[in-house]
Amino acid sequence: MIKEINGRTRLCGLIGYPVMHTLSPVIHNYLAEVTGKNLVYVPFQVENGLEYAIKGGFALNVLGMNVTVPYKTAVMEYLAEVDENARCISAVNTLVRMEQGYKGYNTDYLGLKRAMQVQGISLAGKDIVVLGAGGAANAVVYLCGQSGAEHVYLLNRTLEHAEKLCQHIRGFFPKTDWTAMKIEDYSQLPDKSMLAVQATSVGLHPHIEQVVIDDPAFYKNIEKAVDIIYNPGETRFMKMVKEQGGQAYNGLDMLLYQAVAAYELWNDLSIEEENCRKLSELLVKELQG
Ligand code: NDP
């Protein structure tokens, strides 16, 4: 895509390391096209000097930035303001230009929230199994708490990480019950219908044959599940959910809607669902190469 760049073109971009395989430029440049904005989005590979990158971006009049691995927490120190939700999640993935500097938001959680709404998944009053206690799981459990989940079982390979996250999130959402467990203890989960969110990196391309729990018995009680991995489009986790009669979704909509939420913040507008669906088709094609 070649677009006209002129004296009024605004710049947005992604800060991270590495950034070579990101889909964000495809998403944001598509959104700029359909909303008729004179805006270009590029990857900014930042190997060192995060502070200079943020301050330099502001000095260069960069409109907004996304932040990815490994800077989602470290970036908070260089911002003029941090949104309350992002502070609770302890991670910022979107910077919005303000008068004195950037304000940090977490649109990963907003992306998952909108994806689940579109998929017809309601977390309110539900028992939910969350697999993983890394950066992405922080956003997942925050959404569970904010949505009024009844009981969240947080299963992780390293129990201490799950315990730490449970303790942190319990302080914000005391009405939800929070239980930390080791993944291998999944058979101790109560025998009832549950939702599940797979938020570990197990099963990610190219290790597509891997799955975090390789026992059909676990999947019998999973009514609906989201694997936040989007490459491959159908993970082994998703296949195992479906084999036991459950519904399973991948993380592509979460990725898409986190970007849409960022774009909406930068440009103070709303993206219609119809354009999100077209964008989703475009991303599927990109991933298929
Ligand atoms: P982190 O590195 O922060 O966390 C990784 C998690 O996976 C930890 O809980 C870790 O457990 C667990 N894990 C790693 N290897 C294994 C293993 N062999 N067996 C069991 N558990 C394992 O990563 P993120 O949280 O940032 O990302 C997790 C996944 O989410 C990635 O695949 C990423 O692509 C995806 N993601 C998708 C997004 C989307 O928009 N759809 C957004 C962000 C992330 P332990 O604590 O024991 O190390």
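A residue counts as buried when its relative accessible area is under 20%, as exposed when over 50%, and as partly exposed in between (1.4 Å probe, protein chains only). Welcome to this predicted model, where local features need pLDDT of at least 70 and side-chain atom pairs count only at pLDDT 80 or more, while totals for chains, interfaces and linings use all residues. Residues are numbered from 1 along each chain as its sequence is written, and side-chain values use heavy atoms, with hydrogens and water left out.

In helix 4, the buried residues are T107, D108, Y109, G111, L112, A115, M116 and Q119. An α-helix has 3.6 residues a turn, so residues three or four places apart point the same way. At its N-terminal end, helix 4 is capped by N106, with a side-chain oxygen 3.0 Å from the backbone nitrogen of D108. After helix 4 comes G120, with a positive phi near 75°.

Now to the ligand. Around the ligand are 20 residues (each with a heavy atom within 4 Å); the closest are A136, N156, T158, H161 and I228. The table lists polar contacts, pairs of N or O atoms within 3.5 Å.

| Residue and part | Ligand atom | Distance |
|---|---|---|
| N156, side chain | oxygen | 2.8 Å |
| R157, side chain | oxygen | 2.9 Å |
| I228, backbone | nitrogen | 2.8 Å |

Helix 5 (135-146) and helix 9 (252-267) are the elements that give two or more residues to the shell around the ligand.

How values were computed: Helices (H or I, at least four residues) and strands (E, at least two) are DSSP runs, numbered from the N terminus. A polar contact is a pair of N or O atoms within 3.5 Å; within protein, one must be able to donate a hydrogen and the other to accept it, and residues adjacent in sequence count only if both atoms are side-chain atoms.
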